[in-house]
Each structure stands twice: as structure tokens, then as C-alpha cells.
Amino acid sequence: MSVDLTTVKKIASLARLAVSEDEAQALVPELNGILHWVEQLGEVDVTGAEPMTAVIPNTLRLREDAVTDGNVRDKVLANAPQAEHGFFAVPKVIE
């Protein structure tokens, strides 16, 4: 797969990037180089290699999945400009 000037301009248009003619000309070999590198990665034999998300083994510390109300309503409402009945009070906007 290769990229030509028309494709670069289309990609720039889709990405909403303003690219001059000179910049588009410079991007053609760069994008072709990137695509060539990706094609080389596809040729690597990865049979028997397990997919991984990190180079070192790590596990997440999980907490109990429990639903709570947080029990901090008064602390949250202390920052509110106006509160009524335990809720934020918002002035009426629609008449």
C-alpha cells in the first residue's frame, strides 16, 4: 500500500488540517515510510507469542465492588452556593 499526494490531501481534509502544497509533498514519503514499517511488522512470525499489555507481569489491586452513597453529602454541599433539602439549589432558568 502506498500513499500519493491526493490521498494525503484527503486525509488532511478528513482530519480538518490545513496543509499547504509543500507540506503535503513532504508528507507523502513520511506516510509511505510509516506504512512500509507497518507492513514489515506484519511479516514477523509471532506464533507461540502470547499477547501482553506490559513488559513486566503486574496485577491490579482490586477493591470490593460495593455500591455506597459515599456518606459525604454534607461535605459536598458545603461548597454549594445554595442548598435545599440536601440537594443543590439552582435558580429557575425557564419561564
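A salt bridge here is a side-chain nitrogen of Lys or Arg within 4 Å of a carboxyl oxygen of Asp or Glu. Keep that cut-off in mind, and keep in mind too that what you're looking at is a predicted model. K9 and E21 pass the test: their side chains meet at 2.9 Å, N to O. Search the whole structure and you'll find one salt bridge. In general, side chains of opposite charge can pair when their charged atoms come close.

So what does this pair hold together? K9 sits in helix α1 and E21 in helix α2, so the bridge ties together parts that are twelve residues apart in sequence.

Now step back to the two helices. Helix α1 covers residues 5-14 and helix α2 covers residues 21-42; their axes come within 9 Å and cross at roughly 105 degrees. Which residues make the contact? On the α1 side they are L5, V8 and K9, while α2 brings E21, A24, Q25, L27, V28 and L31. Sort them by class and you get six nonpolar residues, one polar and two charged. Both partners of the salt bridge, K9 and E21, turn up in that contact list.

Follow the chain from α1 towards α2 and you pass through the loop where R16 is placed. R16 has a positive phi, about 60 degrees, although it isn't a glycine. Most residues other than glycine have a negative phi. R16 is also exposed, with a relative accessible area of 74%.

Another such spot comes at H85, which lies in the loop between β1 (83-84) and β2 (87-88). Its phi is positive too, about 55 degrees, and H85 is not a glycine either. Is H85 buried or exposed? With a relative accessible area of 75%, H85 is exposed.

Confidence is highest in α1, at 95, and lowest in helix α3 (residues 73-77), at a mean of 88. Where pLDDT is low, predicted coordinates should not be read in detail.

Terms used. Residues are numbered from 1 along each chain as its sequence is written. This is a predicted model: local features need pLDDT of at least 70, side-chain atom pairs count only at pLDDT 80 or more; totals for chains, interfaces and linings use all residues. Side-chain values use heavy atoms; hydrogens and water are left out. Axes are lines fitted to C-alpha atoms, for helices over the stretch in contact, and angles run from 0 to 180 degrees between N-to-C directions. Helices (H or I, at least four residues) and strands (E, at least two) are DSSP runs, numbered from the N terminus. Contact means heavy atoms within 4.5 Å. Ala, Val, Leu, Ile, Met, Phe, Trp, Tyr, Cys and Pro count as nonpolar, Asp, Glu, Lys and Arg as charged, and the others, Gly among them, as polar. pLDDT is the predictor's confidence in each residue, from 0 to 100. Buried means under 20% relative accessible area, exposed over 50%, partly exposed in between (1.4 Å probe, protein chains only).
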